[in-house]
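Keep the viewer open while reading.

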Amino acid sequence: MKVSRQLAALEPMVLGPLHHLPADDWHRTVPGKWTIAQIVQHLAIGIDYSAATLAKRADRKDMARRATPGQTLLRHVYLGLGPVRPGRNAPMGAIPEERPDVEAALAQFRIGVARLESMTQEWPPERQAGVFAKNPALGDLNLPEWVRFHYVHGRHHARQIAARLRWLGATQA
């Protein structure tokens, strides 16, 4: 799937099912799991981080990818096949607040996606491929790889959101 299509799919995939979610349900949770608001904030933090870091490094021409052999292998598997290790803990900087502000999380998500979209449209291909930002599990990723990461990661969490919505429907019946 092309980079622009993956970015365009993110919001409908993750946020689409949430348009009519009652305010209280954003913070209800399955015991021991994140709420829907926390999942959205977690995704927003990651998207915002990658967009901000790539933008900060946009003019660098001396970058080389840094990754261990294990990160390189995991990068190819994750970006090619999708998540293969369920239950992985989120990096410290991407752990959501206990009760995130829903509107702020939604805005951060949408703004981050818009920033990445702007980069894919404005940056020449060599800049997109040659500017890196670190992913804690996969090593350095360039712009198209970050977009693919967010698509795969968003798809993973969209399934969790769908499960929470089913749980909410069952608990309200």
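What follows covers salt bridges and then ring pairs, all in a predicted model.

Side chains of opposite charge can pair when their charged atoms come close. How many salt bridges does the structure hold? The count is 7.

Start with E11 and R110. Their closest N and O atoms are 2.9 Å apart, and the two form a salt bridge. E11 belongs to helix α1 (residues 3-14) and R110 to helix α4 (residues 102-122), so this contact ties together parts that are 99 residues apart in sequence. E11 is partly exposed, at 31% relative accessible area. R110 is partly exposed too, with a relative accessibility of 33%.

Helix α4 also supplies R115. Its partner is D48, and the N to O distance in this salt bridge is 3.4 Å. D48 sits in helix α2 (residues 36-56) while R115 sits in helix α4, so the pair joins parts that are 67 residues apart in sequence. R115 has 31% relative accessibility and counts as partly exposed. D48 is partly exposed as well, at 23%. The cut-off for buried is under 20%, so D48 does not qualify as buried.

Now turn to R66 and D140. Their side chains meet in a salt bridge, 2.9 Å from N to O. Where do the two residues lie? R66 is in the loop between α2 and α3 (69-81), and D140 is in strand β2 (residues 139-141), so the bridge ties together parts that are 74 residues apart in sequence. R66 is partly exposed, with a relative accessible area of 49%. D140 is buried, at 1% relative accessibility.

Some charged residues go beyond a simple pair. R65, R75 and E145 are linked in a network of salt bridges.

Next come the rings. A pair of aromatic rings is described by the distance of the centres and the angle of the planes. The whole structure contains 3 aromatic pairs. Take Y49 and W146. Their ring centres are 6.0 Å apart and their planes meet at 70 degrees, so the pair is edge-to-face. Y49 lies in helix α2 and W146 in helix α6 (residues 143-172), so the contact links parts that are 97 residues apart in sequence. W146 is buried, at 3%.

Ring pairs join Y49, Y78, W146 and F149 into a cluster.

Definitions and conventions: Residues are numbered from 1 along each chain as its sequence is written. This is a predicted model: local features need pLDDT of at least 70, side-chain atom pairs count only at pLDDT 80 or more; totals for chains, interfaces and linings use all residues. Side-chain values use heavy atoms; hydrogens and water are left out. A salt bridge is a side-chain nitrogen of Lys or Arg within 4 Å of a carboxyl oxygen of Asp or Glu. Helices (H or I, at least four residues) and strands (E, at least two) are DSSP runs, numbered from the N terminus. Buried means under 20% relative accessible area, exposed over 50%, partly exposed in between (1.4 Å probe, protein chains only). Rings of Phe, Tyr and Trp (its six-membered ring) pair if their centres lie within 6.5 Å; planes under 30 degrees apart count as stacked, over 60 as edge-to-face and the rest as tilted.
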